[in-house]
Amino acid sequence: MPTPSLAALPIRRLTLRDLNACADLSEDRGWPREEHKWGLLLSAGKGFGIDDPEGGLVAACVVTEYGTWGRPDLGAIGMVLVAERHARRGVGRRLMQHVLSTMGTTPLTLHATPYGRPLYEELGFKVTGRAEMLRGRFTPGGPEPTVATRAATAEDLPAILRLDEEVFGTDRTPLIARLPAFADQLRVAEEDGRLVGYTAAWPNMDTHVVGPLIARDTETAKALIASLAARTERPLRTDIDVRHEELLAWAKGRGLASVAFNAVMTYGIAELPGDWTRRFAPLTVAAG
């Protein structure tokens, strides 16, 4: 039987049953396998993929929808991957066009690597921001944070969800409600009994990723990061909006080094909703 052309291979929805195939695809492109993150994205979002007749996946991506169920306000695209053996043959473009068609008029966002950015620009995405990836072992030092932080409890979840929606600009309940089970740490900052920030540290290979990071101000963000770092032996990794220059300088002074920059891009909206001044880092760049 002749092998069907790439253009003839159907695009289908991915599920948690495809987790290993997605991890294999990550590994094929030189990325970490990241099964833990793939599991979150495939359960909280919509995966799309193309099966390879010879086994595995030709390509995959995930869209995480936010807002009212069935009528999302925003969709975040992530984990757009094409197997090396099928690269540079239009597969990524076809998969992205399918996502754009499926999402209709829903505004979209994604974090683009320098490699992927030209394709997204051709499809109509605009650069609206930039995030800097940091990684390293956190070294305590300097003045102690004055903002009180503590481990989150189940009773905090409604307040976390309210704060998150206020700052992010739309409801992320299906994603944020999974944080207690997904993250190794979930911490909050509070003042006079009111939540003024929260963050999580979740395991990703040999690191703990800091995200989401939502805080009233830079001092609160510092206190939350320091509180996470004090409770892990792993290096930290995070992606900070470059407009938060003070936090970036502080983190680099505590041992985190710049690894890469990603362009924040949008489609169908001029800029992301919400309050960027309190949104310091995403849960993961794959989910916005």
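Ring pairs join Tyr 120, Phe 125 and Tyr 267 into a cluster; rings of Phe, Tyr and Trp (its six-membered ring) are paired if their centres lie within 6.5 Å, and planes under 30 degrees apart count as stacked, over 60 as edge-to-face and the rest as tilted. The model is predicted, so that local features need pLDDT of at least 70 and side-chain atom pairs count only at pLDDT 80 or more, whereas totals for chains, interfaces and linings use all residues. Residues are numbered from 1 along each chain as its sequence is written, and side-chain values use heavy atoms, with hydrogens and water left out.

By the ring rule, the count comes to five aromatic pairs. One of these is formed by Tyr 66 and Phe 168, an edge-to-face pair at 5.3 Å centre to centre with 75° between the planes. This pair links distant parts of the chain, for Tyr 66 lies in strand E3 (residues 57–68) and Phe 168 in helix H5, 102 residues apart; helices (H or I, at least four residues) and strands (E, at least two) are DSSP runs, numbered from the N terminus. Both Tyr 66 and Phe 168 are buried, that is, under 20% relative accessible area, where exposed is over 50% and partly exposed is in between (1.4 Å probe, protein chains only).

Phe 138 and Trp 250 form a tilted aromatic pair, 5.5 Å centre to centre and with 55° between the planes. Because Phe 138 lies in the loop between strand E6 (126–136) and strand E7 (149–151) and Trp 250 in helix H9 (residues 245–253), the pair ties together parts that are 112 residues apart in sequence. Both Phe 138 and Trp 250 are buried.

Helix H5 (residues 157–168) has twelve residues and spans 16 Å from its first C-alpha to its last, close to the 16 Å expected, a value given by 1.5 Å times one less than the number of residues. Its buried residues are Ile 160, Leu 161, Leu 163, Asp 164, Val 167 and Phe 168. Seen down the axis of H5, these fall within an arc of 165°, so they line one face of the helix; the arc is that of the directions from the helix axis to the C-beta atoms. Just after H5, Gly 169 takes a positive phi of about 100°.

Thr 232 is placed in the loop between helix H8 (218–229) and strand E11 (236–241). Thr 232 counts as buried because its relative accessibility is 14%. Leaving aside neighbours within four places in sequence, Thr 232 is in contact (heavy atoms within 4.5 Å) with Gln 185 and His 208.
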